Amino acid sequence: MNIILLGPPGAGKGTQAQYLVEDRNMIQLSTGDMLREAKDSGTEMGRKVAEVMARGDLVTDDIVIGLIREKLEGDKKGGFIFDGFPRTLAQADALDDLLQEQGERLDAVIELQVDDEALVSRITARATCAGCGEVFNDITKPIPEDGKCPKCGATEFKRRADDNEESLRQRLMEYYKKTSPLIGYYYAKGKLARVDAMGEIDEVRARIAGVLDA
Ligand code: AMP
């Protein structure tokens with residue numbers, strides 16, 4: 001099964017994708033994670049994208065489509081979760097073509113619906129494990145008191161450079177201008193499922209499971 005998790009920054013796409021990896025042996029393809037890796041690698045491409053990401057703007061379609069193309073060719077396990085991709089209609093069209101080339105199809109697009117007011121506090125409270133990428137939140141899922149990641153034991157945690165209020169405003173603007181039209185696009189294709197993404201993480205996890213099992 002191949003699915004897209006769609007929603008604004010802070011909707012919980014990364015967190016829920018991690019559960020789908022655990023629960024269904026799926027492969028998480030996060031273009032944000034891939035771009036952060038490229039940024040840290042010190043390559044020419046990394047330098048270029050770092051500035052764009054820090055501002056909260058979108059990286060060009062060519063770059064992210066290229067990153068996704070590379071990942072679709074290997075073992076497909078329980079299917080792909082596209083997390084943070086596609087973010088434009090051009091990317092959505094490219095994804096259709098790429099899946100077709102692989103003899104795959106898109107099964108569902110899950111729109112994680114959240115109140116905009118909740119996003120600022122979710123994002124500015126966010127931290128991730130430097131070892132395995134597990135996502136924590138100072139309020140809803142704090143880093144354990146012993147300072148160790150319960151998943152991998154690492155003791156270092158990172159906060160993203162673009163998880164500040166100013167970048168978030170720009171990321172939200174990009175979302176509403178360029179990404180939210182995908183909601184109508186996938187609705188028209190009969191692929192859209194809307195999920196209430198407010199409330200406890202496990203409640204949202206159960207709602208997504210309900211949609212995928214239906
Ligand atoms: P994310 O981790 O999904 O919040 O992405 C962080 C940043 O990476 C975004 O604000 C964009 O600058 C960039 N980015 C991630 N995915 C894409 C994409 N599909 N298209 C364009 N830019 C992206």
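How far is a nitrogen atom of the ligand from an N or O atom in the side chain of Arg-87? The distance is 2.9 Å, and I call that a polar contact, meaning a pair of N or O atoms within 3.5 Å; within protein, one must be able to donate a hydrogen and the other to accept it, and residues adjacent in sequence count only if both atoms are side-chain atoms. The protein buries 96% of the 480 Å² that the ligand exposes when taken alone, with accessible areas from the Shrake-Rupley method and a 1.4 Å probe; for residues, only the protein chains shown count as cover.

Before going on, the source. This is a predicted model, where local features need pLDDT of at least 70 and side-chain atom pairs count only at pLDDT 80 or more, while totals for chains, interfaces and linings use all residues. Residues are numbered from 1 along each chain as its sequence is written, and side-chain values use heavy atoms, leaving out hydrogens and water.

Back to the ligand. A polar side-chain atom of Thr-31 is 2.8 Å from a ligand nitrogen atom, and a backbone N or O atom of Val-59 is 3.1 Å from a ligand nitrogen atom. There are 16 residues around the ligand, and Thr-31, Arg-36, Asp-57, Arg-87 and Gln-91 come nearest; a residue counts as near if one of its heavy atoms lies within 4 Å. The shell has six nonpolar, four polar and six charged residues. Nonpolar means Ala, Val, Leu, Ile, Met, Phe, Trp, Tyr, Cys and Pro; charged means Asp, Glu, Lys and Arg; the others, Gly among them, are polar.

Helix α2, residues 31-40, gives the most to this shell, four residues. Helices (H or I, at least four residues) and strands (E, at least two) are DSSP runs, numbered from the N terminus.

The axes of α2 and α4, residues 61-71, come within 10 Å and cross at roughly 100 degrees. The two helices are therefore roughly perpendicular, the term for 65 to 115 degrees. Axes are lines fitted to C-alpha atoms, for helices over the stretch in contact, with angles from 0 to 180 degrees between N-to-C directions. Thr-31, Met-34 and Leu-35 of α2 meet Ile-63, Val-64, Leu-67, Ile-68 and Lys-71 of α4, contact being heavy atoms within 4.5 Å.

Lastly, the backbone. The Phe-85 to Pro-86 peptide bond is cis, omega near -5 degrees, and Pro-86 sits in the loop between β3 (80-83) and α5. Asn-25 has a positive phi, near 55 degrees.

Note on methods: Angles under 35 degrees count as roughly parallel, over 145 as roughly antiparallel, 65 to 115 as roughly perpendicular and the rest as oblique.
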